[in-house]
Amino acid sequence: MVRLTFPTREALQRAPFRWADVAVIIGTLGLLTLIALVGRTAFVPFEPPTVMPEPISLNVVNLPYYMGRSLLRMFIALLFSLLFTFTYGYLAAHSPRAERVLLPLLDILQSVPVLGFLSVTLSFFIALFRGSLLGLEAVAIFAIFTSQVWNMTFSFYHSLRSVPRELRECARVFRLSRWQYFTRVEVPYAMLGLMWNTMMSFGGGWFFVAASEAISVLNQEYQLPGIGSYVAKAIEEANVTAIVAAIVAMGLMIVTVDQLVWRPLIAWAQRFRNEQTEAKDTPNSWVLNLLRTSQLPKLIGAALEPLREFIDRLLSGTLRPKSLRMGKPPLMLPVWVDRLYDGILIAALIGGATVLLRFVLSEVPLGEILQVCGLGLITLVRVIVLTAISTLVWTPIGVAIGFNPRLSRLLQPVAQFLASFPANFLFPFVTMLLIASGVSLDVGSIVLMALGAQWYVLFNVIAGAQSIPSDLREMAANMRLRGWQLWKRLIIPGVFPAWVTGGITASGGAWNASIVAEIVSWGDVTLRATGLGAYITTATQNGDWPRIVLGVAMMSLFVVGLNRLFWRRLYALSEQRYAL
Amino acid sequence: MMTLFTTAPFTATPLDRPSRPKGAPIIIARDVCKEFELPDGNGTFTVLKDINLQIHEGEFVALLGRSGSGKSTLLRILAGLIPPTSGEVISSGQRVTGPNPDVAMVFQTFALLPWLTVLQNVELSLEALGVPPKERRERALKAIDMVGLDGFESAYPKELSGGMKQRVGFARAFVRQPKVLFMDEPFSALDVLTAENLRGEIAELWEQGDFPAKSVLLITHNIEEAVLLADRVIILGANPGRVRGEVVIDLSYAARERSNKHFKELVDGIYIAMTNPDRDVRDAMAGVPRRENPYPPLPHATAGGISGLLEVLNERPDLRDLPEISSTLQLPTDELLPIVDAAVLLGFAVVNEGDITLTDIGRVFSSADIQTSKEIFRRQVLERVPLIRQIYTTLTERPNGMIRAGVFLDMLEEHFPEEEAQQQFDIAVDWGRYTELFEYDQTDDRLRLSQP
């Protein structure tokens with residue numbers, strides 16, 4: 001029943017240096033060199049409009065370099081996302097007063113279309129890093145950051161709030177310091193969920209890399225060396241070969257990053273599963289196995305142990321465990337302090353809204369607001385149609401895959417791959433098709449938006465079908481439930497919670513995608529659809545700030561409204577009725 | 001007719017006696033109440049009402065209650081995990097306002113961190129105290145050894161069975177060497193056999209006297225478990241949770257078996273008390289007879305004296321009248337009578353109207369060679385003297401065949417006055433030596449199995 005977790009000391013002594021160590025050393029050095037090579041060029045001078053970076057070349061030879069640049073951006077954004085997640089999530093989970101502001105704020109922020117931010121942040125960052133290309137880098141990184149960070153933060157916050165009572169009590173009985181509680185209980189408990197969300201966010205981030213590296217504001221094209229700019233350039237020049245090359249490269253990159261980064265991390269994170277029994281199917285990773293065979297990580301770990309111990313003592317000394325104030329709620333302040341706090345919040349809210357409204361109204365006539373609202377409704381219809389069609393198409397397929405263990409082992413990663421593949425790389429093909437067939441983009445944009453969004457429905461339904469307990473399926477077979485009865489009584493309730501999760505993600509993704517999907521071009525031909533996304537894009541291209549703010553705010557309102565009125569209720573229903 | 005058996009002095013403790021304070025109180029709960037707000041402002045719900053109790057040094061207390069009696073809430077208030085609505089908890093003279101530093105806890109669901117190894121889990125509870133790494137490791141390894149998990153230090157909890165996980169839970173609490181060990185239904189998540197096993201080991205550890213905590217507070221809904229382990233069982237009533245009464249378990253650990261009559265009576269009595277929430281606990285327990293002395297007193301006779309008398313009787317079949325024997329042997333009656341009582345107790349002789357006759361066994365015994373007669377004596381002793389049987393079985397069950405004599409002296413003192421208890425012990429040792437069942441070493445105060 002019990003296996004040896006670590007090799008015995010004798011085994012370690014017998015093999016002083018192995019090929020695994022060599023591989024790990026070479027791998028590490030190679031990685032550092034690559035980062036240095038690729039990162040070096042981020043500091044080139046940049047003073048628009050006179051000094052501009054080198055134009056993007058469509059030569060395939062340059063692709064690896066562009067990929068490296070994009071990848072580096074992704075990881076820098078990820079680092080910031082993690083830092084943000086830890087601070088914001090911790091504050092929200094531990095201070096009730098902070099929670100009252102941070103949670104709704106997070107809810108709004110995640111509904112704001114990331115691509116709407118681009119133009120807003122552009123001038124700020126260019127001013128901040130005057131004279132260096134870093135400003136543009138910061139814009140792209142910030143866009144990727146905003147696409148990744150919110151659900152990571154939510155996941156972390158949610159994990160911190162749901163640490164099981166027994167673990168919390170255990171930590172308090174044994175009087176762990178807050179630092180020890182954070183490092184030994186909270187972070188490990190949140191690890192698996194955070195890891196999973198980070199991986200998903202990272203996949204979603206590719207879409208924004210592609211959209212944020214080449215931005216046009218005020219009819220001025222800004223381009224950063226990267227795979228996104230490469231695709232943008234290829235679209236501009238209607239170069240099909242280059243697009244195919246970019247797609248292949250992108251696919252290879254996703255697979256490579258998955259193999260080298262996410263698989264090992266997910267496999268490693270299995271130890272943080274909060275289960276008291278050994279799981280049957282544990283993820284495996286050859287990279288992790290390599291690292292585990294090598295003794296270098298262990299040696300480094302052992303060498304750093306005194307440092308860890310020192311930091312632990314230092315921080316434990318300052319962050320004593322919270323004491324219990326008997327008979328009183330924590331931090332008993334008079335009620336009026338809380339009232340005042342709420343009052344200030346409300347005042348700030350009203351003030352902010354007023355400033356925003358006045359700014360918008362300085363340029364935009366009141367009637368246009370109604371008109372933008374109408375545009376929002378049109379895009380809303382697209383989102384609804386898309387979600388409905390994705391559901392109808394992918395639910396049966398997802399269930400079929402999920403019920404078949406062999407198929408799901410095979411196809412689940414494929415669905416995840418498709419979800420993280422930036423759909424905007426595929427836009428040109430659809431665009432060409434639309435141009436050739438003469439179908440309006442008003443309809444065609446639904447297809448474009450679905451290219452990325454639909455996969456979330458698929459792989460969540462697969463996961464949902466897998467989670468239906470086999471004894472329930474056996475019961476259904478035993479009772480000879482078939483056809484619609486089977487769907488009505490077992491399958492739909494069983495996959496419902498997972499479908500809701502997939503639906504929220506898909507519709508959120510579709511709103512974001514509308515900004516790039518409602519205006520597309522191929523070579524000299526540009527197609528336009530009527531919708532809020534097109535409105536925002538046009539405003540961005542014209543550098544029309546009040547209209548950008550209006551469009552982004554309107555879209556946020558729509559997303560928040562849809563979430564509140566529709567998805568939240570479905571979610572609550574699934575929690576109450578259909579939780580397995 | 002002579003009275004050969006003196007009835008046992010009745011020293012059983014009355015059940016309504018207040019707890020025997022073995023030492024100073026460590027934890028005191030005074031008028032503890034706990035109320036929870038009902039949702040939507042529908043007033044409050046009282047979970048605990050006016051709880052008063054004390055946990056003294058050196059005692060094993062069980063809090064016994066059905067679900068809804070608030071026993072878990074009470075435990076958490078005593079541990080300083082949640083505040084009482086009114087009343088207070090004093091621990092080591094200090095008012096408890098945060099996690100109680102005198103307490104280490106064993107959880108029902110183990111509460112092990114699945115991402116830490118056995119060793120790391122145990123070490124963590126010392127790390128929180130700021131114990132330096134080397135000492136931490138040594139102490140943790142010792143605690144792991146103590147619960148019988150050596151060899152599993154680097155295993156992860158999920159690789160362990162339920163029983164082993166709870167052993168880690170115990171090790172983690174032991175390593176703190178708390179004043180009071182809190183156990184929150186520690187065996188209820190385990191299967192029956194594993195629970196039984198672990199319970200037995202905890203009882204043994206406690207009984208041996210080198211338990212890593214001064215006192216224990218056990219929460220349970222299992223009556224048998226409470227009677228098996230505790231010195232004192234506090235019975236909680238439900239709605240609202242309150243102390244209904246307490247029962248002192250006046251049984252030595254050796255006698256706590258399901259087959260023991262008094263054990264069964266205690267369990268049944270408590271069961272009646274628990275199933276009749278409106279009845280007074282004392283009243284419910286009144287049906288439980290006071291304990292019979294499981295160890296009928298041994299007559300004050302040495303083994304040599306017994307075999308001497310039997311030899312004389314075998315050689316002189318005409319000698320039957322006890323006063324005659326007394327004068328023939330020049331033995332005062334008050335010295336002769338215990339020897340006769342012993343011979344009768346062991347089944348070597350019968351007494352009828354002041355005349356003594358050898359039984360068949362008695363005749364074989366006194367005419368056999370020394371080895372055979374020792375063997376016969378041994379057989380009779382084991383069959384007819386519960387005290388010696390008890391000592392012998394206990395010793396054979398010990399891995400090293402050894403036990404502190406004090407264990408049995410304490411046990412005897414529960415049934416005999418102190419001086420008599422010592423005499424009973426001395427007689428048992430004398431008979432044990434003669435039959436080569438066990439020996440007593442005065443220098444280290446230990447009983448040992450005789451070496452063949």
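This is a predicted model: local features need pLDDT of at least 70, side-chain atom pairs count only at pLDDT 80 or more; totals for chains, interfaces and linings use all residues.
**Exercise 1. Chain B at a glance**

Among contacts in chain B between residues at least 6 apart in sequence, what percentage join residues at least 24 apart?

*Solution.* Start with the contacts: the share in chain B that joins residues at least 24 apart is 68%, counting pairs at least 6 apart in sequence. Next, tally the secondary structure, and you get 16 helices and 15 strands for chain B. Then look at burial: of the 452 residues in chain B, 42% are buried. For the dimensions, the C-alpha trace of chain B spans about 95 × 50 × 35 Å along its principal axes.

**Exercise 2. Walking across a sheet**

Find the six-stranded open sheet in chain B and work out its strand order. Then take a look at what happens at each end.

*Solution.* Step one, the order: β6-β7-β8-β3-β9-β10 of chain B, with mixed pairing. Step two, the edges: β6 (103–106) and β10 (242–248) of chain B each pair on one side only, which leaves them as the edge strands. From one strand to the next, the twist averages 20 degrees.

Step three, the β6 end. Here β6(B) runs parallel to β7(B), residues 180–184, over four bridges. One bridge to pick out links B:V103 with B:V180 in β7(B).

Step four, the β10 end. β9(B), residues 232–237, pairs with β10(B) in the antiparallel sense, and six bridges hold the pairing. B:I234 has B:E246 in β10(B) as its bridge partner. β9(B) and β10(B) make a hairpin with four residues between them, and B:N239 in the turn has a positive phi of about 50 degrees.

**Exercise 3. Where the domains of chain A meet**

Describe chain A, then say which element gives the most to the side of domain 1 that touches domain 2.

*Solution.* First, the inventory: chain A has 21 helices and four strands. Buried residues account for 39% of its 580 residues. Of the chain A contacts with a separation of 6 or more, 79% are between residues 24 or more positions apart.

Now the domains. In chain A, the assignment gives domain 1 as 15–323 and domain 2 as 364–580, with 25 Å between their C-alpha centres. Across the boundary, 29 residues of domain 1 of chain A are in contact with 29 residues of domain 2 of chain A. On the domain 1 side, the elements giving two or more residues are α5 (114–128), α8 (178–212), β1 (214–217), α9 (227–236) and α10 (240–269) of chain A. The biggest contributor is α8(A), with seven residues. That side of domain 1 of chain A divides into 21 nonpolar, eight polar and no charged residues.

**Exercise 4. A helix pair and one of its residues**

At what angle do α14 and α17 of chain A pack, and is A:I397 buried, exposed or partly exposed?

*Solution.* Two packed helices are described by the angle between their axes and the distance between the axes. For α14 (366–403) and α17 (441–466) of chain A, the angle is about 35 degrees and the axes are 7 Å apart. The crossing of α14(A) and α17(A) is right-handed. Their contact residues divide into 16 nonpolar, nine polar and one charged.

Now zoom in on A:I397, which is found in α14 of chain A. A:I397 has 15 C-beta neighbours inside 10 Å, so it counts as partly exposed.

Conventions:
Residues are numbered from 1 along each chain as its sequence is written. Chains are lettered from A and ligands numbered from 1 in the order in which they are written. Axes are lines fitted to C-alpha atoms, for helices over the stretch in contact, and angles run from 0 to 180 degrees between N-to-C directions. A crossing is left-handed if the near helix is turned anticlockwise from the far one by less than a right angle, and right-handed if clockwise. Ala, Val, Leu, Ile, Met, Phe, Trp, Tyr, Cys and Pro count as nonpolar, Asp, Glu, Lys and Arg as charged, and the others, Gly among them, as polar. Two strands pair if DSSP finds at least two bridges between them. A residue is buried if 20 or more other C-beta atoms lie within 10 Å of its own, exposed if 12 or fewer, and partly exposed in between; C-beta atoms are placed from the backbone. Two residues are in contact if their C-beta atoms, placed from the backbone, lie within 7 Å. Domain bounds come from an automatic or database domain assignment.
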